[in-house]
Amino acid sequence: MEIDPSLEIANPCIFVLFGGTGDLAKRKLIPALYDLFRAGELSPHFAMVATGRSPLGDEGYRSLAKASLDEFSRRKPDDAGWKAFSSMLFYRTLDFSSVDADYQGLRTDLADLDARRGTAGNRIFFLSTAPEFFGRSVKALKANGMLDNQGAWQRVMVEKPFGTSLSTARKLNREILSVLPEENIYRIDHYLGKEMVQNITAIRFGNAIFESIWNHRHIECIQIQSTETLGIGTRGDYYEQSGILKDMLQNHILQMLALTCMEPPADLSPEGIRKEKVKVLSSLRLFRGRAGEALVTGQYGPGGVEGAVLPGYRQEPRVAADSMTPTFVALKAHIDNPRWQGVPIYIRAGKRLDRMVSEISIRFRKIAGAPSYPEFESATPDVLVIRIQPGEGIYFHMNAKKPGKGFEIEGVELDYCQSCKYTDNTPETYERLIFEAIRGNPAFFTGWDELERSWRWIEGIERGIAAAPPEYPNYAAGSRGPQAADDLVLADGRTWWKEAGE
(Lines give C-alpha, C1' and ligand atoms only; values in the text may rest on other atoms or scores of the structure.)
Protein backbone atom coordinates (compact mmCIF):
# COMPACT_ATOMS: atom_id res chain seq x y z
CA MET A 1 0.00 0.00 0.00
CA GLU A 2 1.41 3.37 -1.01
CA ILE A 3 1.65 5.94 1.80
CA ASP A 4 2.04 9.65 1.23
CA PRO A 5 5.63 10.36 2.40
CA SER A 6 4.84 14.00 3.25
CA LEU A 7 4.66 14.71 6.97
CA GLU A 8 3.92 18.40 6.56
CA ILE A 9 0.17 18.71 6.02
CA ALA A 10 -2.32 15.85 6.08
CA ASN A 11 -4.82 15.34 3.27
CA PRO A 12 -8.01 17.41 2.93
CA CYS A 13 -10.93 15.64 4.63
CA ILE A 14 -13.88 15.79 6.99
CA PHE A 15 -13.38 14.06 10.33
CA VAL A 16 -16.80 12.72 11.35
CA LEU A 17 -16.93 11.80 15.02
CA PHE A 18 -19.68 9.44 16.14
CA GLY A 19 -19.98 10.02 19.88
CA GLY A 20 -18.81 13.61 19.79
CA THR A 21 -20.05 14.50 23.28
CA GLY A 22 -18.52 11.50 25.05
CA ASP A 23 -15.66 11.36 27.52
CA LEU A 24 -13.09 10.20 24.94
CA ALA A 25 -13.99 13.08 22.63
CA LYS A 26 -13.60 15.66 25.39
CA ARG A 27 -10.47 14.27 27.03
CA LYS A 28 -8.51 13.03 24.03
CA LEU A 29 -9.90 13.62 20.55
CA ILE A 30 -10.68 17.35 20.61
CA PRO A 31 -7.28 18.17 22.22
CA ALA A 32 -5.57 15.90 19.67
CA LEU A 33 -7.21 17.69 16.75
CA TYR A 34 -6.29 21.06 18.23
CA ASP A 35 -2.64 19.97 18.61
CA LEU A 36 -2.59 18.88 14.95
CA PHE A 37 -4.10 22.20 13.93
CA ARG A 38 -1.64 24.18 16.04
CA ALA A 39 1.31 22.24 14.57
CA GLY A 40 0.12 22.99 11.02
CA GLU A 41 -0.52 19.30 10.35
CA LEU A 42 -4.16 19.66 9.35
CA SER A 43 -4.94 20.73 5.82
CA PRO A 44 -6.57 24.18 5.46
CA HIS A 45 -9.28 22.12 3.77
CA PHE A 46 -10.38 20.31 6.90
CA ALA A 47 -13.54 20.11 8.96
CA MET A 48 -14.73 18.13 11.96
CA VAL A 49 -18.38 17.12 12.25
CA ALA A 50 -19.30 15.75 15.66
CA THR A 51 -22.49 13.74 16.01
CA GLY A 52 -24.56 12.86 19.04
CA ARG A 53 -28.10 12.65 20.35
CA SER A 54 -28.04 16.01 22.15
CA PRO A 55 -29.47 18.98 20.16
CA LEU A 56 -26.40 21.20 20.60
CA GLY A 57 -25.97 22.89 17.23
CA ASP A 58 -22.65 24.26 15.96
CA GLU A 59 -22.23 26.96 18.60
CA GLY A 60 -23.24 24.68 21.43
CA TYR A 61 -20.65 22.15 20.36
CA ARG A 62 -17.97 24.79 19.99
CA SER A 63 -18.61 25.80 23.60
CA LEU A 64 -18.20 22.16 24.64
CA ALA A 65 -14.96 21.92 22.65
CA LYS A 66 -13.58 25.10 24.23
CA ALA A 67 -14.30 23.77 27.72
CA SER A 68 -12.59 20.52 26.73
CA LEU A 69 -9.43 22.33 25.62
CA ASP A 70 -9.40 24.54 28.72
CA GLU A 71 -9.54 21.48 30.97
CA PHE A 72 -7.61 18.79 29.12
CA SER A 73 -5.33 20.28 26.46
CA ARG A 74 -1.62 20.61 27.24
CA ARG A 75 -1.59 23.69 24.98
CA LYS A 76 -4.30 26.19 25.89
CA PRO A 77 -5.67 28.08 22.88
CA ASP A 78 -5.28 31.84 22.58
CA ASP A 79 -8.11 33.92 21.12
CA ALA A 80 -6.77 33.89 17.55
CA GLY A 81 -5.99 30.18 17.63
CA TRP A 82 -9.38 29.31 19.03
CA LYS A 83 -11.20 31.45 16.48
CA ALA A 84 -9.43 29.72 13.58
CA PHE A 85 -9.82 26.21 15.04
CA SER A 86 -13.46 26.61 16.04
CA SER A 87 -14.36 27.64 12.50
CA MET A 88 -13.57 24.03 11.52
CA LEU A 89 -15.99 22.50 14.07
CA PHE A 90 -19.58 21.54 13.28
CA TYR A 91 -22.28 19.46 14.94
CA ARG A 92 -25.07 17.24 13.69
CA THR A 93 -27.74 15.65 15.91
CA LEU A 94 -27.85 11.95 15.07
CA ASP A 95 -29.43 8.94 16.71
CA PHE A 96 -27.08 6.06 15.84
CA SER A 97 -29.99 3.61 15.86
CA SER A 98 -32.22 5.91 13.82
CA VAL A 99 -33.84 5.43 10.42
CA ASP A 100 -32.12 6.47 7.23
CA ALA A 101 -33.52 10.00 7.38
CA ASP A 102 -30.89 11.06 9.92
CA TYR A 103 -28.10 9.57 7.82
CA GLN A 104 -29.43 11.23 4.69
CA GLY A 105 -29.31 14.53 6.54
CA LEU A 106 -25.72 13.84 7.54
CA ARG A 107 -24.83 13.05 3.93
CA THR A 108 -26.35 16.36 2.80
CA ASP A 109 -24.43 18.28 5.47
CA LEU A 110 -21.13 16.63 4.50
CA ALA A 111 -21.66 17.40 0.81
CA ASP A 112 -22.38 21.02 1.74
CA LEU A 113 -19.15 21.17 3.74
CA ASP A 114 -17.23 19.73 0.78
CA ALA A 115 -18.32 22.74 -1.26
CA ARG A 116 -17.58 25.25 1.52
CA ARG A 117 -14.33 23.79 2.89
CA GLY A 118 -12.85 22.12 -0.22
CA THR A 119 -12.61 18.72 1.51
CA ALA A 120 -12.97 16.83 -1.80
CA GLY A 121 -15.27 14.07 -0.51
CA ASN A 122 -12.58 12.52 1.72
CA ARG A 123 -13.86 11.22 5.06
CA ILE A 124 -12.65 9.74 8.33
CA PHE A 125 -15.53 8.23 10.30
CA PHE A 126 -14.41 7.77 13.90
CA LEU A 127 -16.67 5.37 15.84
CA SER A 128 -16.55 6.27 19.53
CA THR A 129 -20.01 5.02 20.45
CA ALA A 130 -21.19 2.03 22.44
CA PRO A 131 -19.78 -1.06 20.67
CA GLU A 132 -23.23 -2.38 19.76
CA PHE A 133 -23.57 0.54 17.32
CA PHE A 134 -20.32 -0.12 15.40
CA GLY A 135 -21.64 -2.56 12.82
CA ARG A 136 -25.02 -0.82 12.57
CA SER A 137 -23.44 2.60 11.97
CA VAL A 138 -21.08 1.35 9.25
CA LYS A 139 -23.90 -0.40 7.40
CA ALA A 140 -26.07 2.73 7.64
CA LEU A 141 -23.24 4.85 6.22
CA LYS A 142 -22.85 2.45 3.32
CA ALA A 143 -26.59 2.25 2.64
CA ASN A 144 -26.75 6.03 2.44
CA GLY A 145 -23.87 6.42 0.01
CA MET A 146 -21.15 7.63 2.38
CA LEU A 147 -18.69 4.73 2.02
CA ASP A 148 -18.51 4.34 -1.75
CA ASN A 149 -14.80 5.25 -2.14
CA GLN A 150 -15.47 6.52 -5.65
CA GLY A 151 -13.33 9.50 -6.68
CA ALA A 152 -12.42 10.11 -3.01
CA TRP A 153 -11.50 8.01 0.00
CA GLN A 154 -13.52 7.09 3.07
CA ARG A 155 -12.00 5.33 6.10
CA VAL A 156 -13.45 4.09 9.38
CA MET A 157 -11.61 4.26 12.71
CA VAL A 158 -13.07 1.82 15.24
CA GLU A 159 -12.46 2.33 18.96
CA LYS A 160 -12.00 -0.65 21.21
CA PRO A 161 -13.47 -2.99 22.27
CA PHE A 162 -13.66 -4.71 18.90
CA GLY A 163 -16.10 -7.38 20.03
CA THR A 164 -16.45 -8.97 23.46
CA SER A 165 -15.38 -12.48 22.43
CA LEU A 166 -13.95 -14.29 19.44
CA SER A 167 -17.43 -14.96 18.03
CA THR A 168 -18.70 -11.38 18.46
CA ALA A 169 -15.45 -9.96 17.05
CA ARG A 170 -15.81 -12.21 14.00
CA LYS A 171 -19.43 -11.09 13.55
CA LEU A 172 -18.48 -7.41 13.77
CA ASN A 173 -15.60 -7.91 11.37
CA ARG A 174 -17.90 -9.58 8.84
CA GLU A 175 -20.36 -6.69 9.13
CA ILE A 176 -17.70 -4.06 8.49
CA LEU A 177 -15.95 -6.01 5.73
CA SER A 178 -19.28 -6.41 3.94
CA VAL A 179 -19.31 -2.66 3.25
CA LEU A 180 -15.65 -1.61 3.42
CA PRO A 181 -12.32 -3.17 2.30
CA GLU A 182 -9.74 -4.14 4.93
CA GLU A 183 -7.35 -1.36 3.91
CA ASN A 184 -9.97 1.26 4.85
CA ILE A 185 -10.59 -0.14 8.35
CA TYR A 186 -8.47 1.30 11.16
CA ARG A 187 -8.95 -0.68 14.39
CA ILE A 188 -7.57 1.36 17.25
CA ASP A 189 -5.20 0.14 19.92
CA HIS A 190 -3.99 3.40 21.39
CA TYR A 191 -0.81 1.76 22.73
CA LEU A 192 0.41 1.50 19.14
CA GLY A 193 0.49 5.30 19.07
CA LYS A 194 2.78 5.54 22.09
CA GLU A 195 6.29 6.71 21.24
CA MET A 196 8.19 4.01 23.11
CA VAL A 197 6.00 1.19 21.78
CA GLN A 198 7.03 2.30 18.29
CA ASN A 199 10.61 2.58 19.52
CA ILE A 200 10.74 -1.16 20.28
CA THR A 201 11.40 -1.78 16.59
CA ALA A 202 14.20 0.80 16.48
CA ILE A 203 15.86 -0.53 19.63
CA ARG A 204 15.79 -4.12 18.38
CA PHE A 205 16.74 -3.75 14.74
CA GLY A 206 18.78 -0.55 14.91
CA ASN A 207 21.33 -1.89 17.39
CA ALA A 208 23.47 -4.89 16.49
CA ILE A 209 24.39 -5.35 20.14
CA PHE A 210 20.79 -6.33 20.93
CA GLU A 211 19.47 -8.03 17.79
CA SER A 212 22.37 -10.49 17.72
CA ILE A 213 21.51 -11.76 21.22
CA TRP A 214 17.70 -11.42 21.02
CA ASN A 215 16.94 -15.13 21.44
CA HIS A 216 16.65 -17.99 23.94
CA ARG A 217 20.41 -18.58 24.02
CA HIS A 218 21.04 -15.20 25.62
CA ILE A 219 17.73 -14.12 27.18
CA GLU A 220 16.58 -15.78 30.37
CA CYS A 221 13.09 -14.28 30.60
CA ILE A 222 10.90 -11.36 29.52
CA GLN A 223 8.56 -9.42 31.78
CA ILE A 224 5.77 -7.11 30.63
CA GLN A 225 4.16 -5.05 33.36
CA SER A 226 1.34 -2.52 33.05
CA THR A 227 -0.01 -1.40 36.39
CA GLU A 228 -2.10 1.56 37.51
CA THR A 229 -2.75 3.27 40.82
CA LEU A 230 -6.21 4.39 39.68
CA GLY A 231 -9.38 2.36 40.02
CA ILE A 232 -12.08 2.15 37.39
CA GLY A 233 -13.64 5.50 38.29
CA THR A 234 -16.94 6.04 36.48
CA ARG A 235 -16.33 3.26 33.93
CA GLY A 236 -18.14 0.58 35.90
CA ASP A 237 -20.51 -0.34 33.05
CA TYR A 238 -17.61 -0.80 30.63
CA TYR A 239 -15.33 -2.59 33.06
CA GLU A 240 -17.98 -5.09 34.12
CA GLN A 241 -18.03 -6.24 30.50
CA SER A 242 -14.28 -6.17 29.87
CA GLY A 243 -12.29 -6.68 33.04
CA ILE A 244 -8.51 -6.61 32.93
CA LEU A 245 -8.32 -9.40 30.32
CA LYS A 246 -10.10 -7.41 27.62
CA ASP A 247 -9.18 -3.95 28.81
CA MET A 248 -5.41 -4.54 28.80
CA LEU A 249 -4.27 -8.10 28.10
CA GLN A 250 -6.10 -8.87 24.85
CA ASN A 251 -4.90 -5.71 23.11
CA HIS A 252 -2.23 -3.46 24.61
CA ILE A 253 -0.07 -6.08 26.29
CA LEU A 254 -0.22 -8.55 23.42
CA GLN A 255 0.83 -5.80 21.02
CA MET A 256 3.89 -5.09 23.18
CA LEU A 257 4.66 -8.80 23.33
CA ALA A 258 4.36 -9.21 19.56
CA LEU A 259 6.64 -6.25 18.78
CA THR A 260 9.20 -7.44 21.33
CA CYS A 261 9.30 -11.04 20.13
CA MET A 262 8.67 -10.89 16.37
CA GLU A 263 11.21 -11.98 13.78
CA PRO A 264 13.00 -9.29 11.73
CA PRO A 265 10.48 -8.23 9.06
CA ALA A 266 11.40 -8.17 5.37
CA ASP A 267 10.97 -4.39 5.55
CA LEU A 268 9.50 -1.86 7.97
CA SER A 269 6.31 -1.37 5.97
CA PRO A 270 3.00 -1.79 7.83
CA GLU A 271 2.43 -5.07 6.02
CA GLY A 272 5.93 -6.35 6.83
CA ILE A 273 5.62 -5.65 10.55
CA ARG A 274 2.04 -6.90 10.82
CA LYS A 275 2.99 -10.18 9.13
CA GLU A 276 5.65 -10.89 11.75
CA LYS A 277 3.39 -9.89 14.64
CA VAL A 278 0.79 -12.37 13.44
CA LYS A 279 3.41 -15.14 13.42
CA VAL A 280 4.22 -14.43 17.07
CA LEU A 281 0.57 -14.40 18.12
CA SER A 282 0.02 -17.64 16.20
CA SER A 283 2.91 -19.23 18.14
CA LEU A 284 1.61 -18.23 21.57
CA ARG A 285 0.97 -21.40 23.51
CA LEU A 286 -2.75 -21.64 24.27
CA PHE A 287 -3.60 -21.78 27.96
CA ARG A 288 -5.12 -25.18 28.75
CA GLY A 289 -4.83 -25.26 32.54
CA ARG A 290 -6.81 -23.87 35.43
CA ALA A 291 -6.50 -20.63 37.35
CA GLY A 292 -3.63 -21.05 39.78
CA GLU A 293 -1.53 -22.94 37.23
CA ALA A 294 0.74 -20.26 35.74
CA LEU A 295 -2.24 -17.88 35.99
CA VAL A 296 -3.33 -15.55 38.79
CA THR A 297 -6.28 -13.17 38.70
CA GLY A 298 -7.44 -10.69 41.29
CA GLN A 299 -9.94 -8.05 42.23
CA TYR A 300 -9.16 -5.14 44.53
CA GLY A 301 -10.94 -4.66 47.79
CA PRO A 302 -10.97 -1.57 50.05
CA GLY A 303 -7.57 -0.27 51.09
CA GLY A 304 -5.80 2.68 52.59
CA VAL A 305 -3.17 4.82 50.86
CA GLU A 306 -1.45 7.67 52.73
CA GLY A 307 -4.34 7.96 55.16
CA ALA A 308 -7.05 7.87 52.51
CA VAL A 309 -9.52 4.99 52.41
CA LEU A 310 -10.09 3.73 48.87
CA PRO A 311 -13.18 1.72 47.90
CA GLY A 312 -12.99 -1.80 46.61
CA TYR A 313 -14.03 -2.66 43.07
CA ARG A 314 -17.44 -3.88 44.25
CA GLN A 315 -18.06 -0.51 45.89
CA GLU A 316 -17.37 1.46 42.69
CA PRO A 317 -20.32 3.07 40.82
CA ARG A 318 -22.26 0.76 38.46
CA VAL A 319 -20.46 -2.39 39.65
CA ALA A 320 -22.36 -5.43 40.92
CA ALA A 321 -22.05 -6.04 44.65
CA ASP A 322 -21.02 -9.64 43.97
CA SER A 323 -19.01 -8.95 40.81
CA MET A 324 -16.51 -11.59 39.70
CA THR A 325 -14.82 -9.30 37.17
CA PRO A 326 -11.00 -9.47 37.52
CA THR A 327 -9.06 -6.22 37.88
CA PHE A 328 -5.65 -7.92 38.02
CA VAL A 329 -3.89 -10.66 36.07
CA ALA A 330 -0.45 -12.25 36.25
CA LEU A 331 0.60 -15.18 34.12
CA LYS A 332 3.46 -17.04 32.49
CA ALA A 333 3.25 -17.31 28.71
CA HIS A 334 5.37 -19.17 26.16
CA ILE A 335 6.05 -18.70 22.45
CA ASP A 336 6.59 -22.02 20.73
CA ASN A 337 9.07 -21.15 18.00
CA PRO A 338 12.85 -21.64 17.59
CA ARG A 339 13.79 -18.13 18.74
CA TRP A 340 11.93 -18.21 22.05
CA GLN A 341 11.73 -21.91 22.93
CA GLY A 342 11.92 -22.29 26.71
CA VAL A 343 11.92 -18.54 27.53
CA PRO A 344 9.12 -17.65 29.97
CA ILE A 345 7.25 -14.41 29.36
CA TYR A 346 5.79 -13.08 32.59
CA ILE A 347 2.87 -10.67 32.30
CA ARG A 348 1.43 -8.58 35.11
CA ALA A 349 -1.32 -5.97 34.84
CA GLY A 350 -3.83 -4.47 37.23
CA LYS A 351 -5.79 -1.58 38.66
CA ARG A 352 -5.42 0.10 42.07
CA LEU A 353 -1.87 -1.08 42.65
CA ASP A 354 1.02 0.59 44.45
CA ARG A 355 2.61 2.18 41.39
CA MET A 356 1.85 3.21 37.84
CA VAL A 357 4.17 1.71 35.26
CA SER A 358 4.09 0.27 31.77
CA GLU A 359 7.35 -1.34 30.75
CA ILE A 360 9.07 -4.31 29.14
CA SER A 361 12.11 -5.77 30.87
CA ILE A 362 14.49 -8.19 29.14
CA ARG A 363 16.63 -10.22 31.54
CA PHE A 364 19.77 -11.66 29.96
CA ARG A 365 21.50 -14.83 31.01
CA LYS A 366 24.72 -14.72 33.00
CA ILE A 367 27.90 -15.10 30.97
CA ALA A 368 28.99 -18.70 30.63
CA GLY A 369 32.07 -19.26 32.76
CA ALA A 370 31.61 -16.14 34.88
CA PRO A 371 30.88 -18.18 38.04
CA SER A 372 34.45 -19.49 37.85
CA TYR A 373 35.62 -16.05 38.95
CA PRO A 374 35.00 -15.70 42.69
CA GLU A 375 35.02 -11.90 42.26
CA PHE A 376 31.91 -12.16 40.06
CA GLU A 377 29.76 -14.02 42.56
CA SER A 378 27.83 -10.83 43.34
CA ALA A 379 27.22 -10.02 39.66
CA THR A 380 23.56 -9.75 38.72
CA PRO A 381 22.03 -10.46 35.30
CA ASP A 382 21.98 -7.65 32.76
CA VAL A 383 18.50 -6.18 32.25
CA LEU A 384 17.23 -3.94 29.47
CA VAL A 385 14.05 -2.03 30.32
CA ILE A 386 11.92 -0.23 27.76
CA ARG A 387 9.78 2.27 29.62
CA ILE A 388 6.45 3.01 27.94
CA GLN A 389 5.02 5.22 30.69
CA PRO A 390 5.48 7.23 32.79
CA GLY A 391 8.83 8.72 31.83
CA GLU A 392 9.40 7.24 28.37
CA GLY A 393 12.92 5.95 27.93
CA ILE A 394 15.44 3.12 28.05
CA TYR A 395 17.17 1.76 31.12
CA PHE A 396 20.04 -0.74 31.09
CA HIS A 397 21.30 -2.46 34.23
CA MET A 398 24.77 -3.95 33.93
CA ASN A 399 27.80 -4.86 36.06
CA ALA A 400 31.00 -2.87 36.63
CA LYS A 401 33.86 -2.72 39.12
CA LYS A 402 33.17 -0.67 42.19
CA PRO A 403 35.75 2.11 42.65
CA GLY A 404 38.42 1.28 45.23
CA LYS A 405 41.51 -0.83 45.81
CA GLY A 406 39.69 -4.13 45.82
CA PHE A 407 37.90 -5.90 42.98
CA GLU A 408 34.21 -5.71 43.90
CA ILE A 409 31.40 -5.92 41.35
CA GLU A 410 28.34 -3.69 41.59
CA GLY A 411 25.30 -3.03 39.45
CA VAL A 412 25.27 0.23 37.50
CA GLU A 413 22.55 1.86 35.44
CA LEU A 414 22.53 3.52 32.05
CA ASP A 415 19.37 5.61 31.96
CA TYR A 416 17.98 7.51 28.96
CA CYS A 417 14.84 9.58 29.54
CA GLN A 418 13.32 10.35 26.16
CA SER A 419 10.37 12.31 27.53
CA CYS A 420 12.81 14.51 29.50
CA LYS A 421 14.76 15.36 26.34
CA TYR A 422 11.87 16.04 23.99
CA THR A 423 9.17 17.22 26.45
CA ASP A 424 6.34 18.82 24.43
CA ASN A 425 7.72 17.73 21.05
CA THR A 426 6.33 14.20 21.44
CA PRO A 427 2.83 13.91 19.97
CA GLU A 428 0.03 12.54 22.11
CA THR A 429 -1.28 9.09 21.18
CA TYR A 430 -4.54 10.11 19.52
CA GLU A 431 -2.84 13.00 17.79
CA ARG A 432 -0.56 10.50 16.06
CA LEU A 433 -3.34 8.01 15.31
CA ILE A 434 -5.65 10.58 13.71
CA PHE A 435 -2.81 12.02 11.65
CA GLU A 436 -1.73 8.61 10.35
CA ALA A 437 -5.30 7.60 9.51
CA ILE A 438 -5.74 10.76 7.45
CA ARG A 439 -2.47 9.93 5.66
CA GLY A 440 -3.69 6.42 4.98
CA ASN A 441 -0.95 4.75 7.04
CA PRO A 442 -2.18 1.51 8.73
CA ALA A 443 1.11 0.89 10.58
CA PHE A 444 -0.28 2.07 13.93
CA PHE A 445 -3.50 0.07 13.81
CA THR A 446 -4.47 -3.54 14.46
CA GLY A 447 -5.23 -5.94 11.63
CA TRP A 448 -8.01 -8.48 11.86
CA ASP A 449 -5.58 -11.39 11.73
CA GLU A 450 -3.89 -10.04 14.88
CA LEU A 451 -7.19 -9.55 16.67
CA GLU A 452 -8.47 -13.00 15.81
CA ARG A 453 -5.42 -14.73 17.25
CA SER A 454 -5.40 -12.59 20.38
CA TRP A 455 -9.07 -13.39 21.04
CA ARG A 456 -8.37 -17.11 20.63
CA TRP A 457 -5.60 -16.90 23.25
CA ILE A 458 -7.74 -14.89 25.69
CA GLU A 459 -10.59 -17.36 25.49
CA GLY A 460 -8.26 -20.13 26.65
CA ILE A 461 -7.46 -18.04 29.73
CA GLU A 462 -11.15 -17.38 30.37
CA ARG A 463 -11.84 -21.12 30.30
CA GLY A 464 -9.05 -21.62 32.85
CA ILE A 465 -10.63 -19.07 35.19
CA ALA A 466 -14.07 -20.61 34.78
CA ALA A 467 -12.65 -24.03 35.68
CA ALA A 468 -11.37 -22.76 39.04
CA PRO A 469 -13.22 -19.55 40.01
CA PRO A 470 -11.12 -17.44 42.40
CA GLU A 471 -12.29 -15.84 45.61
CA TYR A 472 -12.61 -12.06 45.32
CA PRO A 473 -11.53 -9.58 46.53
CA ASN A 474 -8.02 -10.90 47.06
CA TYR A 475 -5.86 -7.77 47.25
CA ALA A 476 -6.21 -4.40 48.93
CA ALA A 477 -6.37 -1.17 46.95
CA GLY A 478 -2.92 0.42 46.91
CA SER A 479 -1.05 -2.86 47.44
CA ARG A 480 1.22 -4.86 45.11
CA GLY A 481 -1.62 -7.17 44.18
CA PRO A 482 -2.28 -10.80 45.15
CA GLN A 483 0.58 -12.59 46.88
CA ALA A 484 0.07 -15.45 44.43
CA ALA A 485 1.41 -13.20 41.65
CA ASP A 486 4.74 -12.86 43.45
CA ASP A 487 4.75 -16.59 44.17
CA LEU A 488 4.29 -17.25 40.45
CA VAL A 489 7.75 -15.90 39.60
CA LEU A 490 9.34 -16.89 42.93
CA ALA A 491 8.59 -20.51 42.05
CA ASP A 492 11.02 -20.07 39.12
CA GLY A 493 13.66 -18.42 41.33
CA ARG A 494 12.86 -14.92 40.03
CA THR A 495 11.13 -11.72 41.11
CA TRP A 496 9.19 -9.07 39.25
CA TRP A 497 11.54 -6.40 37.93
CA LYS A 498 11.60 -3.29 40.06
CA GLU A 499 14.28 -0.64 39.74
CA ALA A 500 16.42 0.25 42.74
CA GLY A 501 14.84 2.90 44.92
CA GLU A 502 11.26 2.10 43.95
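The legends below describe several close-up views of a predicted model.

**View 1. An open sheet of 8 strands.** The 8 strands of this sheet follow the order S8-S12-S13-S7-S14-S15-S16-S17, and their pairing is mixed. At the edges lie strand S8, residues 295-298, and strand S17, residues 409-417, each of which pairs on one side only. Between neighbouring strands of the sheet the average turn is 15°, with direction ignored.

**View 2. Strands S7 and S13 side by side.** Strand S7, which covers residues 219-227, runs parallel to strand S13, which covers residues 345-350, and the two are joined by 6 bridges. Within this pairing, Gln225 has Arg348 of S13 as its bridge partner.

View 3. Strand S8 is joined to S12 by 4 bridges, and the two strands pair in the antiparallel sense. Across this pairing, Gly298 stands opposite Phe328, a residue of S12. Along S8, Leu295 and Thr297 point one way while Val296 and Gly298 point the other way, and all of these residues are buried.

View 4. Helix H14, made of residues 483-490, lies across S8, strand S12 (328-333) and S13, and it runs at about 15° to S12. In the segment after H14 is Trp496, whereas Tyr346 lies in strand S13.

**View 5. The aromatic pair of Tyr346 and Trp496.** The model has 19 aromatic pairs by the rule applied here. In one of them, formed by Phe162 and Trp448, the ring centres are 6.2 Å apart and the planes stand at 50°, so this pair is tilted; it is the subject of the next view. Tyr346 and Trp496 form an edge-to-face pair, with 6.1 Å from centre to centre and 80° between the planes. Because Tyr346 lies in strand S13 and Trp496 in the segment after H14, the pair ties together parts that are 150 residues apart in sequence. Tyr346 and Trp496 are both buried.

**View 6. Surroundings of Phe162 and Trp448.** Phe162 lies in the loop between strand S5 (154-158) and helix H6 (166-177), and Trp448 lies in helix H13 (residues 448-467), so their pair ties together parts that are 286 residues apart in sequence. Phe162 has a relative accessible area of 6% and is therefore buried, and Trp448, with a relative accessible area of 14%, is buried as well. Over the ring of Phe162 sits the charged end of Arg187, at 5.3 Å from the ring centre.

View 7. Cys221 has 1% relative accessibility and so counts as buried. Cys13, at 0% relative accessibility, likewise counts as buried.

Key. Residues are numbered from 1 along each chain as its sequence is written. This is a predicted model: local features need pLDDT of at least 70, side-chain atom pairs count only at pLDDT 80 or more; totals for chains, interfaces and linings use all residues. Side-chain values use heavy atoms; hydrogens and water are left out. Two strands pair if DSSP finds at least two bridges between them. Axes are lines fitted to C-alpha atoms, for helices over the stretch in contact, and angles run from 0 to 180 degrees between N-to-C directions. Contact means heavy atoms within 4.5 Å. Buried means under 20% relative accessible area, exposed over 50%, partly exposed in between (1.4 Å probe, protein chains only). Rings of Phe, Tyr and Trp (its six-membered ring) pair if their centres lie within 6.5 Å; planes under 30 degrees apart count as stacked, over 60 as edge-to-face and the rest as tilted. A charge sits over a ring if NZ of Lys or CZ of Arg is within 6 Å of the ring centre and within 35 degrees of the ring normal.
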